[in-house]
Amino acid sequence: MAALVCLTALAGGAAHAAEADVRRVWQILDYLAVDYSGAVQDGKVVAQSEYDEMREFAQTAHDKIAALENKPERATLLRESEALQAEIAAKSEASKVGGLAKALANHLIAVYPVPLAPTALPNLKLGAAVYAASCAACHGVSGNGDGALAKQLDPRPIAFTDQGRARQRSVFALYQAASQGIAGTAMPAFGQLSEDERWAVAMYLGTFAHDDKQREQGERLWKESEKARGEVAGLDHFVRMTEAELAGSIGAEQAAATMAYLHARPEALAAPRANLGLARERLHHSVAAFKAGKLKDAAELALSSYLDGVEPYEQALAAREGALKDQIEVAMGQYRSLIASKAPAVEVEAAAARIDALFTEADQVLAASGADASAAFFGSLTILLREGIEALLVVVAMIAFLKQAKRPDVLPYVHAGWVGALAAGGVTWAIATYAVSISGANREVTEGLSSLFAAIVLLSVGVWMHQKSVAGQWQAYLRERMSAALNRRSAFFMFALAFVAVYREVFETILFYAALWGQGNDGAILAGLGVGVLCLALITVLLLRYSARLPIGIFFSVSSWLVAILAVVLTGKGVAALQEAGWIAPSALSAPRLELLGVYPSIIGLTAQAAVLLLVLAFFLRNARPKAAGVGR
């Protein structure tokens, strides 16, 4: 557990540092695209200091890209960066330099995906208050760049009312400027402001370049034009979009009106699409990467689309529309298989289109039933029972075995294992909530490896139990062998099995509850949790009572089959989790899925389960053969 905590913290710290570098490069490139026209016009330098700044920023971007994690596509990014530097050195037209800078920025995000959107809708009232307190002194009350301190600054503060600049600048670019400042200017980093405050003021700044007439026109357009809504595609996409980019698809006048309305009314972006916005964005980037021949990036983005974009909503969706949740999971597995097999681009695009339609349907379900307390209650209850019963079967089997074997001295090791797993789950929750963010891939790796470890242990225990159940020599065995068999090393082994079996389920349960919490039904979720605990307690009592009444031979025979079946189930779940994490190649097929039995539509997963099942049957038949021979004689 200590190793897991340390590795998770280190990985989280490194990931945050890499994200900051990627964001910084994106900001530099965005700044270049917007401000280069003020340095060079008609092939001539019109402002030497600004031109020098452009060259410096381009070199900085190149150096930071070179220092990022070594991926195959990094070399291409560096060549694109060098091409941008060459055009700046040649004093090329602003449109060409700006286009190269934007293209490089978009390519960077495709190769090194980082979150580029707020977690909640920006609050304009908060943004106005932050602007008045922190920005107006330089940029002016009306955003004209004429604040009380403006004359003392070189270069002068920009005017947010400048429509030319506003057309080229996204909300994210303004957020980045507030977060990290702008080198070479008096613009500082406002690190003392919260994330919400920086996003709020960034959204508010976009209101200065538009008037009421444009906002009214934009409101009508937003309600009537499906094309405009489709091009913006929710908050995640909007904050990275510029007015100039939108104008390329719906026209300059319509783009200005749409942007005017959305900057003033960000709540209009709270459409159902917002829930799976990240999943949709990563999916679209994945398709683009595949079409560009970047198979590794396409696969990574496809994984991120599911693990980081869909999985946080999976249990909330399962509680309302379980079949739809399964359809999304199967469709995304098939999509990853198409990428891995280098299928034709037409097939990949068609698969992505089907998934996008499922995302839209899922968003509608989540939005329509977000306030359904009964769904939250049953979702909470189902989660706890599903995860709890799996762990319970393993622990109860171990306790019953030790009681039948008359070895109560080993019971404390088992109890210490499951109690320790619960405590470790609490530590995991604290780490995931307050210290670092556990990525979707890390979640699946933890669950997958834990499942396979438990499956291996259970398989060996099941074979051992079955061997003893057919031997017919229990009393002699217990007298002569039990003390040797259950030595101190075995006791610690039982502690490890109890810990892993329970921690795996606790880990997954915590993540599921984190996804459900905070949706307005916390009381119903707690009620479902309480009922689930009572149900698990009742099941525990019944299992222990009836297992204790079984004759020892029958008990071991039944238990051997139970743990063998659990080994098959956990094998399927372990393979599925590692496939979702990208550790095992995807191998989706058209087949039903039965999560309770660990059966997933995967060739590798089903093959692994079949192999474990055949291994179990072979050992069990071998154990039974001597008994049959003895009866014949």
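Reply: The model is predicted, so local features need pLDDT of at least 70 and side-chain atom pairs count only at pLDDT 80 or more, while totals for chains, interfaces and linings use all residues. Residues are numbered from 1 along each chain as its sequence is written, and side-chain values use heavy atoms, with hydrogens and water left out.

Me: Why is Asp 42 called exposed?

Reply: Exposed means over 50% relative accessible area, buried under 20%, and partly exposed in between, with a 1.4 Å probe and protein chains only. Asp 42 has 68% relative accessibility, so Asp 42 counts as exposed. Its place is the loop between β1 (40-41) and β2 (44-45), where helices (H or I, at least four residues) and strands (E, at least two) are DSSP runs numbered from the N terminus. Asp 42 also has a positive phi, near 55°, and is not a glycine.

Me: What makes Lys 342 exposed?

Reply: Its relative accessible area is 60%, and therefore Lys 342 is exposed. Lys 342 sits in the loop between α16 (295-340) and α17 (345-368). Lys 342 is another residue other than glycine with a positive phi, about 55°.

Me: Is Ala 400 buried or exposed?

Reply: Ala 400 is buried, because its relative accessible area is 5%. The residue belongs to helix α18 (residues 373-404).

Me: What puts the buried residues of α10 on the same side?

Reply: The buried residues are Gln 214, Arg 215, Gly 218, Leu 221 and Trp 222. They cover an arc of only 125° around the axis, so they lie on the same side of α10; the arc is that of the directions from the helix axis to the C-beta atoms. The face turned away from the buried side carries the exposed residues Asp 212, Lys 213, Lys 223 and Glu 224. Among the elements covering the buried residues of α10 are α11 (226-232) and α14 (252-264), where contact means heavy atoms within 4.5 Å.

Me: Why is the pair of Tyr 131 and Phe 208 called tilted?

Reply: Rings of Phe, Tyr and Trp (its six-membered ring) pair if their centres lie within 6.5 Å; planes under 30 degrees apart count as stacked, over 60 as edge-to-face and the rest as tilted. By this rule the count comes to 9 aromatic pairs. The ring centres of Tyr 131 and Phe 208 are 5.1 Å apart and the planes are at 50°, so this pair is tilted. Tyr 131 in helix α5 (residues 124-134) and Phe 208 in the loop between α9 (195-205) and α10 are 77 residues apart.

Me: What makes Tyr 131 buried?

Reply: Tyr 131 has 2% relative accessibility and therefore counts as buried. Phe 208 is buried too, because its relative accessible area is 15%.

Me: Which residues touch the most other members of the largest nonpolar core?

Reply: A nonpolar core is a set of buried Ala, Val, Leu, Ile, Met, Phe, Trp, Tyr and Cys residues joined through side-chain atoms within 4.5 Å. Of the 70 residues in the largest one, Leu 32, Ile 88, Tyr 131 and Phe 238 touch the most other members.
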